[in-house]
Amino acid sequence: METLRLIVVLVHLIGFAVLFGSWAAQAFGGERKITRIMDYGLLIAGVAGLALAAPWGIDGPLNYVKIGTKLVVLLVIGAMLGIGSARQKRGATVPSAVFWLIGILAVTNAAIALLWR
């Protein structure tokens, strides 16, 4: 069971890497756009994160406050991606605050996972 949980953790990290990597490529590549790859990364990280929130027969209790906080951050990232995508479809540019907030919140979500015990 622990091996399966670790595989889901790996998939969760891959989802984060896809989201943050595609954001960083856009941020430092010159053109600040929301891409479908960011959406896919968010989806992968979210689904794997929800799977990790299930009790996998671990010894200690789950930290539901941490899980809830990470879920809220994930939903805010999704909202920012939706806002940016909608503006792009109308031909407008993505607001800088929205674009940079996506990257900041992605790193914040990873920091919460690593530092909050």
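Accessible areas here come from the Shrake-Rupley method with a 1.4 Å probe, and for residues only the protein chains shown count as cover. On that basis the protein's accessible surface is about 7100 Å², with 72% of it belonging to carbon and sulfur atoms. Bear in mind that this is a predicted model: local features need pLDDT of at least 70, side-chain atom pairs count only at pLDDT 80 or more, and totals for chains, interfaces and linings use all residues. Residues are numbered from 1 along each chain as its sequence is written, and side-chain values use heavy atoms, leaving out hydrogens and water.

Start with the cartoon view. You'll find 4 helices and 0 strands (DSSP runs numbered from the N terminus: helices are H or I, at least four residues; strands are E, at least two). The C-alpha trace spans about 50 × 25 × 20 Å along its principal axes.

Now select residues 36-52, which is helix 2, with 17 residues. Which of its residues are buried? Pick Met38, Gly41, Leu42, Ala45, Gly46 and Ala48; buried means under 20% relative accessible area, exposed over 50%, and partly exposed in between (1.4 Å probe, protein chains only). Show helix 1 (2-28), helix 3 (64-89) and helix 4 (96-115) too, as those buried residues pack against them.

Stay on helix 2 and click Tyr40. Tyr40 counts as partly exposed because its relative accessibility is 43%.

Last stop: color Met1, Leu4, Ile7, Val11, Ile37, Tyr40 and Ile44, which make a nonpolar surface patch of about 660 Å². Patch members have over 30% relative accessible area and no salt bridge; like charges are joined within 9 Å, nonpolar side chains (Val, Leu, Ile, Met, Phe, Trp, Tyr) within 5 Å. A salt bridge puts a side-chain nitrogen of Lys or Arg within 4 Å of a carboxyl oxygen of Asp or Glu. Helix 1 and helix 2 each supply at least two residues of the patch.

Conventions: Expected span 1.5 Å × (residues − 1). Contact = heavy atoms within 4.5 Å.
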